Amino acid sequence: MSKLTKKQKIAFSKIEPGKMYKAAEASALVKEVSYANFDASVDIDIRLGVDPRKANQMVRGVVTLPHGTGKQTRVLVLCTPDKESEAKAAGADFVGLDDYIEKIKSGWTDVDVIITTPTVMAKVGALGRILGPRGLMPNPKTGTVTMDVAKAVTEVKAGKIDFKVDKYGIVHSRIGKVSFTAEQLSDNLKEFVNVIIKLKPQAVKGSYVKSIYLSSTMSPGIQIDPKSVEN
């Protein structure tokens with residue numbers, strides 16, 4: 001194991017081993033322990049008491065963070081010509097259909113979210129092998145397959161993100177930047193966790209939220225007391 005740098009030692013020294021911090025405390029502390037030389041992302045990791053292999057215990061949803069993620073989200077709208085002006089006016093970065101489908105088939109996936117309409121899903125569905133593994137496949141459940149493309153684009157640009165529990169039972173997501181205020185991070189954190197809580201599968205017995213950790217890029221994790229987050 002490599003030795004800790006001076007900055008890493010300082011960061012670790014500020015976190016009390018074994019302590020579970022309140023949401024507000026963790027949101028302030030994560031700013032202090034970030035030692036990156038750039039505006040690092042702030043991430044949340046929530047371990048759930050679910051078995052993702054069982055369909056009735058899958059946790060997946062969307063959340064609109066009160067203060068956004070701090071990231072400029074690149075949005076591609078695949079639609080028919082009659083919807084193009086609507087998508088562009090809402091702020092979509094790329095708009096079109098056949099040309100972009102061919103670009104994607106050639107390996108282009110330089111976007112964060114793809115929105116489409118039900119009318120062209122037959123064409124978009126053929127891209128599943130490319131978009132699926134990258135988490136870019138439009139899905140009605142996350143609001144990315146809709147006739148109201150303007151609303152979908154606006155929500156994504158405002159900070160709407162979709163999430164899904166991984167095979168280890170963990171939900172991981174960005175919830176802001178180190179440049180955010182502690183209050184903004186705390187607001188985003190609480191909103192994210194409470195959406196997760198509302199999605200608790202009925203089949204889950206016992207403890208649902210096992211642990212919550214907050215961290216920034218390259219910083220140590222800070223454990224959060226789940227009771228301090230729940231509304």
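This is a predicted model: local features need pLDDT of at least 70, side-chain atom pairs count only at pLDDT 80 or more; totals for chains, interfaces and linings use all residues.
In this description, strands are DSSP runs of at least two residues, numbered from the N terminus. The largest pocket has a volume of about 870 Å³. Its lining is made up of 29 residues, and those closest to the centre of the pocket are Asp 112, Val 113, Arg 134, Gly 135 and Asp 162. Strand β6 provides the largest share of this lining, with 5 residues. At least two lining residues come from each of β2, β5, β6 (160-164) and β7 (170-177).

Side chains of opposite charge can pair when their charged atoms come close. The structure contains 9 salt bridges. One of them joins the side chains of Arg 74 and Asp 110, with a distance of 2.4 Å from N to O. This pair links distant parts of the chain, 36 residues apart: Arg 74 sits in the loop between β2 (60-64) and β3 (75-78), while Asp 110 belongs to the loop between α4 (98-105) and β5 (113-116). Arg 74 has a relative accessible area of 31% and is partly exposed; Asp 110, at 42%, is partly exposed as well. Both residues belong to a network of salt bridges that links Lys 71, Arg 74, Asp 110 and Asp 112.

How accessible is Lys 157, and in which class does it fall? Lys 157 has a relative accessible area of 34%, so it counts as partly exposed. The value for Asp 93 is 39%, and this residue is also partly exposed.

Finally, Asp 98 and Lys 123 form a salt bridge in which the closest N and O atoms are 2.9 Å apart. Asp 98 is part of helix α4 and Lys 123 part of helix α5 (residues 121-125), so this pair ties together parts that are 25 residues apart in sequence. Asp 98 is partly exposed at 43% relative accessibility, and Lys 123 is partly exposed at 41%.

Terms used: Residues are numbered from 1 along each chain as its sequence is written. Side-chain values use heavy atoms; hydrogens and water are left out. A salt bridge is a side-chain nitrogen of Lys or Arg within 4 Å of a carboxyl oxygen of Asp or Glu. Helices (H or I, at least four residues) and strands (E, at least two) are DSSP runs, numbered from the N terminus. Buried means under 20% relative accessible area, exposed over 50%, partly exposed in between (1.4 Å probe, protein chains only). On a 1 Å grid over the protein atoms alone, a cavity is a set of points where a 1.4 Å probe fits but cannot get out, and a pocket is an open set with protein on both sides within 12 Å along at least five of seven lines; lining residues have an atom within 4 Å of a point. Grid points are joined across faces, edges and corners, and a volume is the space filled by probe spheres set on the points.
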